[in-house]
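Student: Please take a close look at a single part of this model and describe its surroundings in one connected account.

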Amino acid sequence: MSMIHKTATEMAQALADKSITAVELTKQHLDRIAAVDGDVHAFLHVDTEGALAQAAESDAKRAAGETRSVLEGIPLALKDVLTQKGVPTTCGSKMLEGWRPPYDSTVVSKLKNAGVVILGKTNMDEFAMGSSTENSAYGPTHNPWALDRIPGGSGGGSAAALAAFEAPLAIGTDTGGSIRQPAAVTGTVGVKPTYGGVSRFGLVAFSSSLDQAGPCARTVLDTALLHEAIAGYDERDSTSINAPVPNVVAAAKRQEVKGMKIGVIKELMGDGFQKGVLDSFKQSLDLLQEQGAEIVEVSCPSFDYGIAAYYLIAPSEASSNLARFDSMRYGIRVGDDGQRGAEEVMSATREVGFGKEVKRRIILGTYALSSGYYDAYYGSAQKVRTLIKRDFESAFNLADVLVSPSTPTTAFKIGERANDPLAMYLADITTIPVNMAGIGGMSLPSGLSADDGLPVGFQIMSPAMQDDRMYRVGGTLEAALNDKLGKPVWAQAPELVVK
Amino acid sequence: MAAISREEVAHLARLSRIEMTPDELDHLASEMQLILGAVARVQEVAAADIPPTSHALPMTNVFREDVTKPSLSPEDALSGAPAREEDRFKVPQILGDAE
């Protein structure tokens, strides 16, 4: 019997009951990918052989009574920005076409140690720069809810794989919303953990002070189980937090919010938000109130400057981080004819290897960091970062968690904003402040927008190292919504044409 | 706000080691103008008495014990090299360039 429409928790139960093997479960997902990914294009690389070998090993471990974790044998889709030894890793860029990393990222090591089966690498905006996955050098991913719409970005592939039942679990990375915004527009769950909560070792760097890997799934509990599997201190990441991981799994199961104070951020629900998104958001607030939470309004006036500050800080860090793509040690090399010098070959390679958005951000970052402009741009942006942190500190004095719609609108059409970078940047207005302050953020589906029938995301933010709080609220809201709507949002996705 | 010229963009492209076509430079110069106009808003609230934040959480430098640990073999380290010679990365000439 096909299990692809089940949750990871249900699949884990079936594996434990021996009603299915990891090899069968993996084959079902590989078959699903073969059937629908021609339309969805969530994957850049499907590691059929590797996944089946991992699944066979998982079955052997289980038979020997050596189950490695609760996720033993569960398939997962990995964003193509994390290295997996021997498996192509492109970051959605021509620059790394054909590169097979010689080492595992810490996230991948932890997944392997937990017995998780990695199906393949998912599509993304090039070097994680974008909000639609249209910036991938390998073509866009299509939203399983409506194939002519974007699946969000940069982690559109991971979110689409979940929504299309190609995988029950996925890994994303979130620099300004790249986990939460795709989750919101695909009716799935995504969490950006506290900065430093999950190791960045082996995560190809975009903006080091903002980048954070995190778990994605269809339910809050599945997301918590994956969070637990990948989080924790890593001496190979100098910004890793050396403290116990918050108990996110217990929090996701708790199912009550009595007496919790939930702060609604006034500035993240006004002009520019789609009516259906705001209506769905308000319905969720009512449900949380019915569950015994107290709703309070908070104000974060500096969030208004979040996008401006982000589009200075992130490109500045990117202009430095992407200097590593110099055509000398890995990646492609163009124009090495024996006559041209290293710098000419480097420049020719970067011209061919990088796409439009990446070049745009490198130039912007180089400008913002150049002498004469540094104080006015990068320096001012860092001050705004201080103001955003202060706004969060004041708000968390009044509330246990903060909430907002995850995105101002539902999924927009492919191509609609492709030639308007400023319109594209607005997609992250709600998610960016979380990265700037290094705190935790979750998006979970709150229903379908009445105006277009597309999924809406509800964002929950918790203070640094208190990630359990967002899982507690998220788990409670998810259950209340399932009661009210009759079935989970992800279970209402239209059937894809199976080929 | 300072206007950004095509020549400035060409200079930034040189600094960034990206060989851009004339069309790309034209296009980028006009886009940069728009983007810089939007992001310059940060200056409205960046008062002199606000300290900058480079990193969200308090961090200090981290050291590890000075002990030998397993690392990549030369074969692994060179596995992605565009060109190699023996156990080394082979690169185009680095001296005698115009710059």
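Tutor: The side chain of A:Thr219 has a polar atom 3.1 Å from the backbone nitrogen of A:Asp222; a polar contact is a pair of N or O atoms within 3.5 Å, where within protein one must be able to donate a hydrogen and the other to accept it, and residues adjacent in sequence count only if both atoms are side-chain atoms. The model is predicted: local features need pLDDT of at least 70 and side-chain atom pairs pLDDT 80 or more, while totals for chains, interfaces and linings use all residues. Residues are numbered from 1 along each chain as its sequence is written, chains are lettered from A and ligands numbered from 1 in the order in which they are written, and side-chain values use heavy atoms, without hydrogens and water.

A:Thr219 belongs to the loop between β6 (213–217) and α7 (220–230) of chain A; helices (H or I, at least four residues) and strands (E, at least two) are DSSP runs, numbered from the N terminus. With a relative accessible area of 10%, A:Thr219 is buried (under 20%; exposed is over 50%, partly exposed in between; 1.4 Å probe, protein chains only). Leaving aside residues up to four places away in sequence, A:Thr219 touches A:Thr7, A:Val189, A:Glu478 and A:Trp490 (heavy atoms within 4.5 Å).

The strand β6(A) pairs with β4(A) in the antiparallel sense over five bridges; pairing requires at least two DSSP bridges between two strands. Within this pair, A:Gly214 of β6(A) is the bridge partner of A:Gly172. In β4 (residues 169–173) of chain A, five of five residues are buried.
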